[in-house]
Amino acid sequence: MHSYTALRKNSTPYLLILPTVITMIIFSVYPFVSGILYSFTDIKFVGGTATWVGLENFTRLFGGKVNTSINFYKAFQKNILWTVCVIGGQLIIGYIAALLLNEKLPGQAIFRTLIMLPWAIPSVVMALTWQWMYDPFFGLINYYLKELGFIKEYITWVGQPNSTIWPLVIIGIWRGVPFLTLMLLSGLQSIPDELYEAAKVDGASVIQRFRYLTLPLMRPVTMVVLMLTTMWWWNSFDIQRVMTPVLSLGYNSMTLPILAWHEAFQWKHLGRGAAISVISLVVMFVFIIINARRELGDVKESR
Amino acid sequence: MKKNFLTRKKVLNVLRITFCYILLIIITVFCIFPIAWIIKTAFETPQFIRNPQIQWMPLEPTLENFTEVLQNPRAMVGRSFLNSLIVAGISTLLSTLITVLAAYAISRFNFIGKNFFAIYLLMINMVPPTLILISMFIFLVKIKLVNSHPGLIIYYTAIGLPLAIWMLKSYFDTIPIDLEEQAMIDGATRLQAIRYIILPLALPGIVSVTVYVFMTHWNEFMAALTIVQKQELRTLPVQIINFLGFERTDWGPMMAFSVLISIPAVVLFVFAQKHLVGGLTTGYTK
Amino acid sequence: MRSKFMPIITILFIASLVFSACTSTPTAAPQESVATEAPIEAPAESEEPAVTEAPAEPEEATTEPVKLSLYSLAWIQDNQDMTVELINQFNEEHKGKIEIEYIQGDWGEVENYITSGVAGGGGIADIVEGDTGMGLGWYDQGFLVDLTPYITDEIRATMPEEYWASRTARDGKVFLSGTVTGSEIIVFYSPAALEKAGIEPSSPDNLWSWEQLVENAKLLTLDANGKHLGEDGFDSANVAQWGFMPRLDNEKIWEEGQIFVMQATGQPMIRKGDDGVWDIFFDEAGIPVLESYLNIVNVGITPDKAIGLTGDSQNEAFAQGQAAMILRGYFNISVLKGLYPVFEFAVMPIPMSSENKEYYVDNWGQGFSIPVTSEHPAEAAEFIFWVQEAIQNAKYASSISMAPVNPDALQDPVLLDDPNWDTMRFYRSIEKLLVVEYNTNQSEFVTSVYAPTLMAVVSGEKTLDQAMEEIKALSKDILNQ
């Protein structure tokens, strides 16, 4: 903590954060609150009349057999599957990459730049590229899988009513690896080398050092990164939106943000779209709070 | 005996390093092969693009795809490039300005509501963009800013703030407060202290935040798609999807277009990489 | 730090400005070349700027022309060029009075375009291309101008009443003009492949039934050794030419499947029941047709990859000889000709129920609408109904190869001399128009229930009976929201 003695009792900080507060109130608090309000109305499209319908949107989403709720449950499950798989994959590959880059091998700067590069590519471009690579006739994924004997015939991977979420998960992993590698690498670099040296002297093997030294020390960084990425990937939209044509919703690979978007803007149930987003938000909020609590608790105990 | 041990250790070390390199190369290939494929397709002669035989070097390298994109009136590359530049540029400037002020305040002052403010900035991350977008859209409609660049710029500025402030705040934290205090004791005003001491020291952090924010805005797709409909106002990510067309996909020009879109972000990224890595990480992990 | 970084950013910024300045000029650049090569140059690029900018000078003294813009959904090159050509012709005829500018639009984006445009209080085109379904939705949301005041008796006579009906809202107001109509789909075939297998194509005198189509397609499904499906030693893992390759996806399985069913039943599938409640109906006569259609992959005449085929890949497969027959809308004639100028193909009618030799189509169609934000609806209306006149209508229809709304247009030399239009004339001779009321929840129903469930039948995960039951369980709820 810094010392604030010289700087206290002053109106300066309020002036400094004023622009942010104004911007936030207008463009974050207001939309956020009104979005929640809209979820209790039957507003159909932008500019339509909004009548208060109470919990109707929510009961329809949770209420059993109607199509809306079937879609909702499906999308909900898919969203969990999507988040878990994408982040799991990112974490594993990111960890390996970070550990390797931390070895300080010659040429690691080049490897680092290359591994980070996908991060700078606009998400739309990468989705297009993957679409092209997944092309059922001339895509290179089909080509290599067939060459290597994994598939007999070319397969249409994405953008179809019955296509699965797995090809999209691969894209998600690819997309997120740079960020995770970056964060984990900097975490690793902040561990003092002396600790490793000491462990080596004590005769700990590579695996032991990883298990009893690296992992515990990396825990705070990992948790922060995990929470951030979970928030992002839970809400991710671009990949699915571009990989699936508007008119043929990727039914089996539909996640909550996609469903919300379809309900709100394609099927003209704006209120229901807002309701889906609200539920999605509440779930994420609870998840983050529980995790943050546990983390904070752990930190306190260890001190 | 001793000699033997040493060579064995050496062999093991070489093996270890080889193993590391192999793994590294596998991961690197996984990360960059799509990018290589974009570039290859962009420079390939159209008739070889749909070649059942995959090859990684263009059979007959050509700029045809680029000229096709640049000349196609439908693509409007120049116009949308300018649009993207205007929108991302202005919103990044605004974001950075507001960010520096707020981050400095949180880092240096203690004030009522500070914790709430800081936590709000972190928590806003988890609000689904769709939710913000829906009400934001209605709001922009009300104030007649939909279908205009100011509308998009305002939206971007607001969306980019929370993370940027959070990152920069942590960067400011690493700069010892004594420096300013010393300067102020020596008779400098606060403004002078900030101008001559803090800003130069924080420049790497500010640059990395700026680059990060610019990249996010440059690449943003969903809001740009929803808020701006006028063709001559569209930004690049939306324009490329529009160019994709209906039922037809010319991968050559498409990939050439992709290369054009990616260049600014990639070049910025490569040049700023070092600072970006430092700045981002201090931001998140502290 | 600063010394290294700032120049780079500055250079980048300037470079991109220069870059965008250079590339945004193509609209102006061709102007210079117009003088020398204008006659050969494609009209889309060269003539438009010349025409739109020319009147500015001589007009200075007199009144300014009314400036309009048109958001076109044309996606076939021919159709884009033709729309531009018609606009130029119109501008020429109305020199000094009306001047229309072409805006390239997109089917996937138009919904957003008009929503945010009207809601945002303008800035969008004065004329927006659309179809009857979308148009009705827009009109209901209050986005479109009522065209009724501009429709004279003369204009009324240019289009059959059924087509007017699908362009009229519940309050009796017309919201869309007519350009083309037609859910008409046809079978494209390779004459060489059929000849080799000794198969006579379907013709008005000898129409194929679904059974015949499947049988013939089996003969046309050849493996690498030239053996056909059903023959001894046929290698199903190594098919070189597929008999029949329609596109099987959410959109097509609805659009095309519905046409087959309607041909057999004479009724649209989604309609109001006797009780006045919307529902989907699987009529007796339509079920065998649906069964044959959804079974083509299981029978082996269609590859798995037809599931999710893009239109592009389908044409590619057809042109490369990987498919002997494909199923496509009439417009694909234009597409194929544009993509593969030397490739030879012909078209024939779809398989038809032998008892019911009538071709039922709904009165779906395309046309132009005027958003309420337009400041000059009268001038805009003048254009859209001018395009509806027989001569212009024939040109437009020919460029997109879809049926013209104006019956006189079919007799225009532009369409009369083209053999590919024979099938269309045949369709027209047996055609019955169904006036279909459009259900605004249809899109949700089709994309989220109907299509995915039937796709499961195609892939063999469900039987048709199961699928129909599942669809029925949800249909009323969605369609009557």
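Trainee: In what order do the elements of chain A run from the N terminus on?

Mentor: First, a heads-up: this is a predicted model, where local features need pLDDT of at least 70, side-chain atom pairs count only at pLDDT 80 or more, and totals for chains, interfaces and linings use all residues. Residues are numbered from 1 along each chain as its sequence is written, while chains are lettered from A and ligands numbered from 1 in the order in which they are written. Helices (H or I, at least four residues) and strands (E, at least two) are DSSP runs, numbered from the N terminus. Chain A has 12 helices and 0 strands, and its elements run α-α-α-α-α-α-α-α-α-α-α-α.

Trainee: What share of the residues in chain A is buried?

Mentor: Buried means that 20 or more other C-beta atoms, placed from the backbone, lie within 10 Å of the residue's own. Out of 303 residues in chain A, the buried share is 48%.

Trainee: How do S1 and S3 of chain C run, parallel or antiparallel?

Mentor: Look at C:Tyr71, whose bridge partner in S3(C) is C:Val128. In chain C, 2 bridges join S1 (residues 66-72) to S3 (residues 127-131), and the two strands run parallel.

Notes:
A residue is buried if 20 or more other C-beta atoms lie within 10 Å of its own, exposed if 12 or fewer, and partly exposed in between; C-beta atoms are placed from the backbone. Two strands pair if DSSP finds at least two bridges between them.
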